[in-house]
Amino acid sequence: MKLYNYWRSSSSWRVRIALNLKGLSYEYVAVNLLEAEQRDDAHVSRNPMARVPVLELDDGTMLRESLAIIDFLDLTHPEPAFWPADPIDRARVAEMTQIINSGIQPLQNLAVLVHLESQGVDRKAFGARYNQAGLTALEAVAQTLRDRGDYLLGATPTVADICLPPQLYSARRFEIDLSAFPRLLEVEARINAIPAFAEAHPDRQPDAVR
Ligand SMILES: N[C@@H](CCC(=O)N[C@@H](CS)C(=O)NCC(=O)O)C(=O)O
């Protein structure tokens with residue numbers, strides 16, 4: 001498999017974590033977002049949304065949208081499971097995942113911020129506002145689940161945990177004060193000790209710029 005991705009892309013990072021957790025190897029293909037390579041014809045033919053990540057399977061099938069890719073990996077490689085079995089728990093994990101995936105990430109994506117800046121909006125303040133609001137909600141939900149185990153919901157990482165470190169990394173880039181999110185920080189510290197998570201960190205990717 002080939003993963004078209006970018007070191008600092010939070011959606012790419014999610015897929016790297018998922019591949020690592022499933023023990024799957026892949027070829028890392030860097031798409032430099034700062035050079036607008038995501039809008040090159042070659043990449044748009046892989047993903048009409050001109051975004052990363054894209055996972056190319058061995059037969060040439062292109063999978064896009066990080067959560068769709070993660071779902072595919074979970075269905076084709078069931079262990080370790082990324083979703084709890086209980087329907088209410090699944091809904092809660094989906095809720096936390098979507099707070100990040102729908103409620104925060106699209107509002108701080110590069111193309112959105114560049115457009116807002118062209119309209120005179122302060123891009124950093126805009127991104128910070130939605131990180132703050134979304135993480136405040138996520139912390140509130142996570143607090144209600146803290147007695148369920150070490151992770152956001154339960155004793156093993158779910159897809160919600162997969163989305164957490166990349167979003168906290170983004171929030172730090174927007175200079176959010178994370179001290180208001182003690183449960184999220186506690187889970188993040190636990191998660192970062194897992195090699196599959198640690199190896200997916202942006203700084204450990206071949207296209208990382210330091
Ligand atoms: N919902 C998509 C979001 C993909 C996305 O926004 N990717 C960003 C990087 S995290 C991107 O490619 N941005 C390029 C741009 O904005 O031009 C997913 O989960 O895969």
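User: In which helix is Gln-167 found?

Analyst: Gln-167 belongs to helix 7; helices (H or I, at least four residues) and strands (E, at least two) are DSSP runs, numbered from the N terminus. This is a predicted model, in which local features need pLDDT of at least 70, side-chain atom pairs count only at pLDDT 80 or more, and totals for chains, interfaces and linings use all residues. Residues are numbered from 1 along each chain as its sequence is written.

User: Is Gln-167 buried or exposed?

Analyst: A residue is buried if 20 or more other C-beta atoms lie within 10 Å of its own, exposed if 12 or fewer, and partly exposed in between, with C-beta atoms placed from the backbone. Gln-167 has 24 C-beta neighbours inside 10 Å and therefore counts as buried.

User: Which residues does Gln-167 touch?

Analyst: Two residues are in contact if their C-beta atoms, placed from the backbone, lie within 7 Å. Leaving aside residues up to four places away in sequence, Gln-167 touches Ser-10, Ile-100, Ile-104 and Gln-105.

User: Why is helix 7 described as largely enclosed?

Analyst: Because 12 of its 15 residues are buried, helix 7 is largely enclosed by the rest of the structure. Its buried residues, among them Cys-163, Pro-165 and Pro-166, pack against helix 1 (10-21), helix 3 (66-76), helix 4 (87-101), helix 6 (123-144), helix 8 (182-192) and helix 9 (195-198).

User: How is the span of helix 7 judged?

Analyst: The expected span is 1.5 Å times one less than the number of residues. Helix 7 (residues 159-173) reaches 23 Å from its first C-alpha to its last, close to the 21 Å expected. Glu-175, with a positive phi near 60°, follows helix 7.

User: How many residues of domain 1 are in contact with domain 2?

Analyst: In domain 1, 11 residues are in contact with 12 residues of domain 2. On the domain 1 side, helix 1 provides the largest share, 8 residues.
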